[in-house]
Amino acid sequence: MLGEAIFALLGPSPLSSFLILILFVAIPGYFVYQTWLHPLAAYPDPFLAKLTNFYTLLHAIRAGRYEYLYRLHQRHGRVVRIGPQRLSILDAEAMGPIYGFQANVKKSNFYEEFHGISTFNEIDPNKHARKRRVLSHAFSDQALHGMEPHILSAILTRLTTAIRTAFPTLVDIVAGPRLMQLSYLRACIEESMRLCPPAPSDLPREVLPGGLQVGKWHIPAGTVVGVPAYPLHHSEEYFDRPFVYDPSRWLLRGSEGLLDGPTPL
């Protein structure tokens, strides 16, 4: 027996007793709890995700975590347990409850891994709000106008025509109402952001005491939860031909008006 072998090697010492406790009590107990008794045990998952964050970390190191999440949701469905204390939710309706201003969450410890403090990794909501107010000046019409000499675009023929029709010369292209009215330009930008989101994985949030209601799912406090952008943007449930670049999906049918979201399926 393994216990007898430990005693034979170490003798009846505190160390041998500790090792036996770990091997025969702690590890089996952890396995049983995470597999059957944990509040997230009912959610589908790759088996090892019940026990460790290793695979998620491995794919993050390989810079392929968003594709890994896409495959997980294709295999397991809308809600997937991706770690002992983590859920990934592929549902557009979950965006508000998780990322809204009144959401009962905070940024997870994931953000502490980044050096320096910015609006991206600031965990304190009050400090984040102050920094966001400062940054908002950089996105005013005046500030954007100053950036125009540094911005280049690769555009489609239709987009070129739309821009040249609205602006006779290059110097006429300035931030303002006329530029905002170019719905096809905005549709191209929306579609580019859909296909290649700048943050393709989930932006993790830790649920605060009291839990979080996301649709029909009640997420217990302490759970780290997020909506992965790449799987959501490439879901056939939300987008027809999701891997095809098609700006027209953002336009009102039969017009050049811009929708608040993509054309419903």
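Among contacts in the chain between residues at least 6 apart in sequence, 58% join residues at least 24 apart, where contact means heavy atoms within 4.5 Å. This is a predicted model, in which local features need pLDDT of at least 70, side-chain atom pairs count only at pLDDT 80 or more, and totals for chains, interfaces and linings use all residues. Residues are numbered from 1 along each chain as its sequence is written, and side-chain values use heavy atoms, with hydrogens and water left out.

**The chain overall**

- The chain holds 11 helices and seven strands; these are DSSP runs numbered from the N terminus, with helices (H or I) of at least four residues and strands (E) of at least two.
- Of the 265 residues, 34% count as buried, a word that stands for under 20% relative accessible area, with exposed over 50% and partly exposed in between (1.4 Å probe, protein chains only).
- The accessible surface of the chain is about 16,500 Å², and 63% of that belongs to carbon and sulfur atoms; the areas come from the Shrake-Rupley method with a 1.4 Å probe, and for residues only the protein chains shown count as cover.

- Five strands make an open sheet with mixed pairing, in the order E1-E2-E7-E4-E3; two strands pair if DSSP finds at least two bridges between them.
- At the edges are strand E1 (79-83) and strand E3 (105-107), each pairing on one side only.
- On average, neighbouring strands of this sheet are turned by 35 degrees against each other, direction ignored.
- E1 pairs with strand E2 (residues 86-89) in the antiparallel sense over four bridges, and Arg81 has Leu87 in E2 as its bridge partner.
- Helix H4 (residues 65-76) packs on the sheet and touches E1 and E2, its direction making about 135 degrees with that of E1; axes are lines fitted to C-alpha atoms, for helices over the stretch in contact, and angles run from 0 to 180 degrees between N-to-C directions.

**Aromatic pairs**

- A search of the whole structure finds six aromatic pairs; rings of Phe, Tyr and Trp (its six-membered ring) pair if their centres lie within 6.5 Å, with planes under 30 degrees apart counted as stacked, over 60 as edge-to-face and the rest as tilted.
- Tyr66 and Tyr230 are an edge-to-face pair because their ring centres are 4.8 Å apart and their planes stand at 70 degrees.
- That pair links distant parts of the chain, with Tyr66 in helix H4 and Tyr230 in helix H11, 164 residues apart.
- Tyr66 is partly exposed at 23% relative accessible area, whereas Tyr230 is buried at 13%.
- Tyr70 and Phe243 also form an edge-to-face pair, at 5.9 Å centre to centre and 85 degrees between the planes.
- Tyr70 lies in helix H4 and Phe243 in the segment after H11, so this pair ties together parts 173 residues apart in sequence.
- Tyr70 is buried at 18% relative accessible area, while Phe243 is partly exposed at 47%.
- Ring pairs join Tyr66, Tyr70, Tyr230 and Phe243 into a cluster.

**Other residues to look at**

- The charged end of Arg194 sits over the ring of Phe239, 4.8 Å from its centre; the criterion is NZ of Lys or CZ of Arg within 6 Å of the ring centre and within 35 degrees of the ring normal.
- Arg241, in the segment after helix H11 (229-233), has a phi near 45 degrees, a positive value in a residue other than glycine.
- His59 is in helix H3 (residues 54-61) and is buried at 14% relative accessibility.
- Leaving out residues up to four places away in sequence, His59 touches Gly64, Arg65, Tyr68 and Arg71.
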